[in-house]
Amino acid sequence: MRVTNYMLDESSRKAGMTLNNQLYSGSVDEESTDDGVLSALKERKTERILGDRFGYEKLQKAAQNLQKTIANFTKEKDSLFDKAKESGDNSELLRQTEALVKNYNAVLKELGASGAEQSGYYKKILQEITQKSKDSLAEIGISQAADGSLQIDQEKLKAADAETLEKVLGPSGRFGTRLAFVTDRISEDAQANTESLSSRYDASGNLWSAQSGRYDFRR
């Protein structure tokens, strides 16, 4: 049954209430309200898309930093390990190990901040890689905290020689090679998601990326 304005007026009279005619009066007011709602929804959607995009950009940058650090350990010739053995100085090797842990934790943090199902999957994989290598990592003072991040026992790390560090983090070790593989996938997917979000159009045919100047999620 179609509800008319008369029926609404009659019902409100019987109930002792007065309805605001603007709630149901005419198409002009309805269209004005609809425009305001659509504008607000578009604004929120823009913020969400741009927020997601900048999140993937941060994830990609973190993954790229980790990739660079891993490459220092998985290099076959003229590696960090070779240089440390030749010189008898482990200082650069220790510095790079600390950078590896720092960059690993940065990727883990960005994956957790994303909230995306895919990011949650990658975070779980990284933690599983670390868990499977926990005994060998413990030999050089690296352990996994309750939140999945890595932490360093500085005294134990400094006591490890180049051969032990190479066994755990080098190209023949399972931890380094597995970590390199997964980090590559994280970086590639973050880039793909960034490009996908950057190419979305709004209802007027404008690129979402063209509106990014209105928001700065990186402050």
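Modeller: A residue is called buried at under 20% relative accessible area, exposed at over 50% and partly exposed in between, with a 1.4 Å probe and protein chains only. In the protein chain here, buried residues make up 33% of the 219 residues. The model is predicted: local features need pLDDT of at least 70, side-chain atom pairs count only at pLDDT 80 or more, and totals for chains, interfaces and linings use all residues. Residues are numbered from 1 along each chain as its sequence is written, and side-chain values use heavy atoms, with hydrogens and water left out.

Colleague: How many helices and strands does the secondary structure of the protein chain come to?

Modeller: Helices (H or I, at least four residues) and strands (E, at least two) are DSSP runs, numbered from the N terminus. This chain has nine helices and two strands. Read from the N terminus, the order is α-α-α-α-α-α-β-β-α-α-α.

Colleague: Which residues of helix α3 are buried?

Modeller: The general idea comes first. An α-helix has 3.6 residues a turn, so residues three or four places apart point the same way. In α3, residues 80–87, the buried ones are Leu-80, Phe-81 and Ala-84. They fall within an arc of 95° when seen down the axis of α3, so they line one face of the helix. That arc is taken over the directions from the helix axis to the C-beta atoms.

Colleague: What stands on either side of that helix?

Modeller: After α3 comes Gly-88, with a positive phi near 75°. The loop between α2 and α3 contains Asp-78. Phi of Asp-78 is also positive, near 50°, in a residue other than glycine. Asp-78 is partly exposed, with a relative accessible area of 48%.

Colleague: How many aromatic pairs does the structure hold?

Modeller: Rings of Phe, Tyr and Trp (its six-membered ring) pair if their centres lie within 6.5 Å; planes under 30 degrees apart count as stacked, over 60 as edge-to-face and the rest as tilted. The structure has two such pairs. In one, the ring centres of Phe-73 and Phe-81 are 5.9 Å apart and the planes stand at 50°, so the pair is tilted. Phe-73 is buried at 2% relative accessible area, and Phe-81 is buried at 0%. In the other, Tyr-121 and Tyr-122 have ring centres 5.8 Å apart and planes at 55°, so this pair is tilted. Tyr-121 is exposed, at 53%, whereas Tyr-122 is buried, at 11%.

Colleague: Which charged end sits over the ring of Phe-181?

Modeller: A charge sits over a ring if NZ of Lys or CZ of Arg is within 6 Å of the ring centre and within 35 degrees of the ring normal. Here that is the charged end of Arg-185, 4.8 Å from the centre of the Phe-181 ring.

Colleague: How many cavities of 30 Å³ or more are there?

Modeller: Rolling a probe the size of a water molecule over the atoms shows where empty space is left. On a 1 Å grid over the protein atoms alone, a cavity is a set of points where a 1.4 Å probe fits but cannot get out; lining residues have an atom within 4 Å of a point. Points are joined across faces, edges and corners, and a volume is the space filled by probe spheres set on the points. By this rule there are two cavities of 30 Å³ or more.

Colleague: Which residues line the largest cavity?

Modeller: Among them are Tyr-56, Leu-111, Tyr-122 and Asp-189. Helices α2 (27–74), α5 (117–132) and α9 (174–198) each supply at least two lining residues. The largest share, four residues, is from α9. Ala, Val, Leu, Ile, Met, Phe, Trp, Tyr, Cys and Pro count as nonpolar, Asp, Glu, Lys and Arg as charged, and the others, Gly among them, as polar. Counted that way, the lining has six nonpolar, three polar and one charged residues.

Colleague: What lines the second largest cavity?

Modeller: That cavity holds about 30 Å³ of space. Its lining is Ile-70, Phe-73, Leu-100, Leu-169, Phe-175, Gly-176 and Leu-179. Two or more of these residues come from each of α2 and α9, and α9 gives the most, with three. By class there are six nonpolar, one polar and no charged residues.

Colleague: Where does Leu-169 lie?

Modeller: Leu-169 is in helix α8, residues 162–169, and is buried at 2% relative accessible area. Leu-169 and Leu-100 are 69 residues apart in sequence and 9.8 Å apart in space, C-alpha to C-alpha.

Terms used:
On a 1 Å grid over the protein atoms alone, a cavity is a set of points where a 1.4 Å probe fits but cannot get out, and a pocket is an open set with protein on both sides within 12 Å along at least five of seven lines; lining residues have an atom within 4 Å of a point.
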